[in-house]
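I set out to read one protein model from its overall layout down to single contacts. These entries record what I looked up.

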Amino acid sequence: MVWAHTGTIPLQTGGGGIVPRGSRVEVFQQIYWVFLALGVLVGVVVIGYMVYNAYKYRHRDGEVPVEKGDDHPELGEVPTGGGKGGKLFLSLTLSAIIVVSLIGWTYGTLLYVEEDSPVSGDAEHLTVEVEGYQFGWSFTYPNGHETGTLRVPANTAVELRVTSRDVFHNFGIPQLNVKTDAVPGQTTDTWFVSEGPASYTVNCYELCGVGHSYMKAPVEVMPADDYRQWYANTNGTNATNASSSSQADITEATT
Ligand SMILES: [Cu+2]
């Protein structure tokens with residue numbers, strides 16, 4: 001039985017490599033802090049240097065204005081920055097390094113987050129089929145059980161295979177940083193992990209008709225044991241043998 005060793009998922013949080021690992025919430029949080037820190041740093045340097053120069057070259061009483069001549073800047077003249085453009089070169093290089101590394105880092109991080117299920121290779125996870133319709137969501141479990149409430153075990157990676165029955169919808173759980181298209185005839189994959197126990201709400205993020213704003217569904221993150229018990233008692237509508245060993249269902253659900 002696979003479930004037995006599904007205590008926690010071997011997800012590294014934070015440290016380790018440069019690219020953050022962990023749940024979507026943790027990854028997006030890290031992106032946020034890195035951008036905030038770099039933005040503040042650049043802002044402090046730029047505004048600080050500007051204020052410094054404004055003060056250094058301020059008007060002083062009794063000062064004679066510079067005559068038009070060698071050193072006086074003309075309108076439309078490109079400043080060399082003095083010292084053969086050294087400062088200009090330095091600031092451009094620094095900006096380029098910051099911007100390029102930020103792009104590379106963010107891209108690597110997003111590649112990880114947008115993977116179908118980063119944990120599918122090395123950990124047990126649950127796969128749920130999600131279908132959007134006017135106006136609601138339907139969740140189908142591996143044993144065929146169909147429900148309007150998304151129940152998942154805590155600390156387990158949940159892979160969602162999202163599609164739509166009619167028009168374009170968009171599946172999202174804001175607190176878990178999950179959002180993906182629900183398009184008829186197409187399946188998009190996304191995933192999330194929640195420490196739970198907790199309750200969330202699924203919303204539709206694609207204007208899809210008059211009932212769009214009512215297109216919600218509850219998400220219940222349950223303790224693993226409670227989930228196992230609940231799942232054992234579900235009857236798959238498509239299951240060939242609904243009364244078959246619940247053990248098999250659980251194993252199926254978690255692989
Ligand atoms: Cu919708």
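The entries below go from the whole chain to its helices and then to its sheet.

**Entry 1: the chain as a whole.** I noted at the start that this is a predicted model. I counted the elements of the protein chain and found 4 helices and 10 strands. I then read their order from the N terminus, which is α-α-β-β-β-β-β-β-β-β-β-β-α-α. I looked up burial next: of the 255 residues, 23% count as buried. I also checked the contacts between residues at least 6 apart in sequence, and 68% of these join residues at least 24 apart.

**Entry 2: helix α2.** I turned to α2, which covers residues 86–114. This helix has 29 residues and spans 42 Å from its first C-alpha to its last, close to the 42 Å expected at 1.5 Å a residue. I asked how many of the 29 residues of α2 are buried. The count is 0, and α2 is thus recorded as hardly covered.

**Entry 3: α1 against α2.** I looked up how helix α1 (residues 24–56) lies relative to α2. Their axes come within 10 Å and cross at roughly 170 degrees. An angle over 145 degrees counts as roughly antiparallel, and α1 and α2 are therefore roughly antiparallel to each other. I listed the residues that make the contact: α1 supplies Arg 24, Val 27, Ile 31 and Leu 38, while α2 supplies Ile 98, Leu 102, Thr 106, Thr 109, Tyr 112 and Val 113.

Entry 4: I traced an open sheet of 5 strands with mixed pairing, in the order β4-β10-β9-β6-β7. Which strands stand at the edges? They are β4 (150–153) and β7 (178–182). Each has a single partner strand, so one side of each is left without a neighbour in the sheet. I looked up the twist as well, and it averages 20 degrees from one strand to the next.

Entry 5: I examined β6 (residues 169–173) beside β7, and the two pair in the antiparallel sense over 5 bridges. Within this region I located Phe 171, which stands opposite Thr 180 in β7.

**Entry 6: a helix on the sheet.** Finally, I looked up where helix α3 (residues 224–232) lies. Helix α3 lies across β4 and β10 (217–222), and runs at about 130 degrees to β4.

Terms used. Residues are numbered from 1 along each chain as its sequence is written. This is a predicted model: local features need pLDDT of at least 70, side-chain atom pairs count only at pLDDT 80 or more; totals for chains, interfaces and linings use all residues. Axes are lines fitted to C-alpha atoms, for helices over the stretch in contact, and angles run from 0 to 180 degrees between N-to-C directions. Angles under 35 degrees count as roughly parallel, over 145 as roughly antiparallel, 65 to 115 as roughly perpendicular and the rest as oblique. Two residues are in contact if their C-beta atoms, placed from the backbone, lie within 7 Å. Two strands pair if DSSP finds at least two bridges between them. A residue is buried if 20 or more other C-beta atoms lie within 10 Å of its own, exposed if 12 or fewer, and partly exposed in between; C-beta atoms are placed from the backbone. The expected span of a helix is 1.5 Å times one less than its number of residues.
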